[in-house]
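Here is a quick tour for someone meeting this structure for the first time. Have the sequence and the 3D view open, and let's walk through it.

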Amino acid sequence: MKFIGIIPARYASTRFPGKPLAMIGGKTMIQRVYEQAEKALDTVVVATDDTRIYKAVESFAGNVVMTSAEHRSGTDRCWEAYLKYGEKADVVINIQGDEPFINPEQIEAVKACFPTDIATLVKPYSATDDIEELLNPNNVKAVVSSVTGCALYFSRNVVPFLRGVPQSEWLQKQQYYKHIGLYAYRVDVLEQITSLPQSPLEKAESLEQLRWLENGYQIKVAATDYETIGIDTPADLELANEYLIKREK
């Protein structure tokens with residue numbers, strides 16, 4: 001199968017304007033994401049709505065296309081970028097533009113899920129993790145079928161609820177999964193899901209993948225042991241630079 005990686009990159013951000021151009025160890029964040037993605041994909045394209053990001057990608061000889069500033073999500077931006085770039089593929093992989101240390105093995109894991117409609121990634125919680133990490137609504141939880149390996153639901157709440165078990169023991173009694181926002185879509189499915197209206201569950205949880213489940217699409221799930229390092233704030237950027245220094249020693 002032919003895979004193409006697309007990295008949506010917006011300049012506007014409430015918590016961190018200009019985030020894709022933030023410097024990490026002498027390179028912009030978008031360049032670091034791009035270079036990591038290239039290790040697992042023959043074709044990588046940045047999809048942006050800002051000329052500053054466009055020029056930054058050109059400066060390191062990356063592939064880049066301009067897209068609308070009106071998109072509701074990175075998924076919608078990926079579809080426009082795929083059409084504009086013009087290279088045919090079977091599967092589009094949507095790579096988060098704020099994870100400069102994404103591991104190529106994570107991309108390979110979602111590639112291995114095909115054939116399917118959509119693929120995504122989870123990281124299993126361990127019994128020794130902090131219960132507060134599980135309870136944090138910013139950490140989206142995935143419920144995965146033990147029979148099919150496909151997603152049954154995604155939630156900001158803890159699902160399943162363990163009736164009759166103290167909350168402090170949930171991680172010891174049940175395998176929970178943290179959702180990692182890496183998606184891959186069969187091209188025809190990507191076209192279809194970008195035309196769907198928002199669904200009730202999507203609106204309730206503010207999670208677009210629930211729209212796909214509500215409309216009957218299969219989301220195959222791959223697991224990873226690598227922790228992603230997403231950058232949402234300037235404070236996260238400082239931590240990323242510290243991580244890079246330690247890694248390169």
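Arginine 211 and glutamate 202: buried or exposed? Both are buried, a word used here for under 20% relative accessible area, with exposed meaning over 50% and partly exposed in between (1.4 Å probe, protein chains only).

## Before we start

This is a predicted model, in which local features need pLDDT of at least 70, side-chain atom pairs count only at pLDDT 80 or more, and totals for chains, interfaces and linings use all residues. Residues are numbered from 1 along each chain as its sequence is written, and side-chain values use heavy atoms, with hydrogens and water left out.

## Charged pairs

Back to that opening pair: arginine 211 forms a salt bridge with glutamate 202, their closest N and O atoms being 2.8 Å apart. A salt bridge here is a side-chain nitrogen of Lys or Arg within 4 Å of a carboxyl oxygen of Asp or Glu. There is also a network, in which Arg15, Lys19, Asp98 and Asp232 are joined by salt bridges that share partners. The structure holds 13 salt bridges.

Another one links aspartate 49 with arginine 77, with 3.8 Å between the closest N and O atoms. Aspartate 49 sits in the loop between β4 (44-48) and α2 (51-59) while arginine 77 is in helix α3, so this pair ties together parts that are 28 residues apart in sequence. Helices (H or I, at least four residues) and strands (E, at least two) are DSSP runs, numbered from the N terminus. Helix α3 has a pair of its own too: glutamate 80 and lysine 84 both lie in it, 4 residues apart, about one turn of the helix. Their salt bridge has its closest N and O atoms 2.9 Å apart. Glutamate 80 counts as buried, at 17% relative accessibility.

## Around threonine 67

Threonine 67 lies in the loop between β5 (63-66) and α3. With a relative accessibility of 7%, threonine 67 counts as buried. Its side chain makes a polar contact of 2.8 Å with the side chain of arginine 77. For a polar contact, two N or O atoms must be within 3.5 Å; within protein, one must be able to donate a hydrogen and the other to accept it, and residues adjacent in sequence count only if both atoms are side-chain atoms.

Arginine 77 is itself buried, with a relative accessible area of 2%. Setting aside neighbours within four places in sequence, threonine 67 is in contact (heavy atoms within 4.5 Å) with Ala47, Thr48, Asp49, Arg77, Glu80, Ala81 and Lys84.

## The largest pocket

The largest pocket has a volume of about 1800 Å³. On a 1 Å grid over the protein atoms alone, a pocket is an open set of points where a 1.4 Å probe fits, with protein on both sides within 12 Å along at least five of seven lines; lining residues have an atom within 4 Å of a point. The volume is the space filled by probe spheres set on the points, which are joined across faces, edges and corners.

Lining this pocket are 45 residues, with Arg15, Lys19, Gln96, Asp98 and Asp232 nearest its centre. Among the elements that give two or more residues to the lining are β1 (3-9), α3 (74-85) and β10 (177-186). Strand β10 gives the most, with 5 residues.

Arginine 15 is exposed, with a relative accessible area of 56%, whereas tyrosine 11 counts as partly exposed at 24%.

Which residue is 218 residues from arginine 15 in sequence and 5.8 Å away in space, C-alpha to C-alpha? That is threonine 233. Tyrosine 11 has its C-alpha atom 6.2 Å from that of aspartate 50, 39 residues apart along the chain. A polar contact of 3.5 Å also joins the side chains of tyrosine 11 and arginine 52.

## Two covered helices

In helix α1 (residues 29-38), 8 of the 10 residues are buried, so the helix is largely enclosed by the rest of the structure. Helix α4 (residues 104-111) is mostly covered, with 6 of its 8 residues buried. The cover over those buried residues includes β1, α1 and β10. Asparagine 103 caps the N-terminal end of α4, placing a side-chain oxygen 2.8 Å from the backbone nitrogen of glutamate 105.
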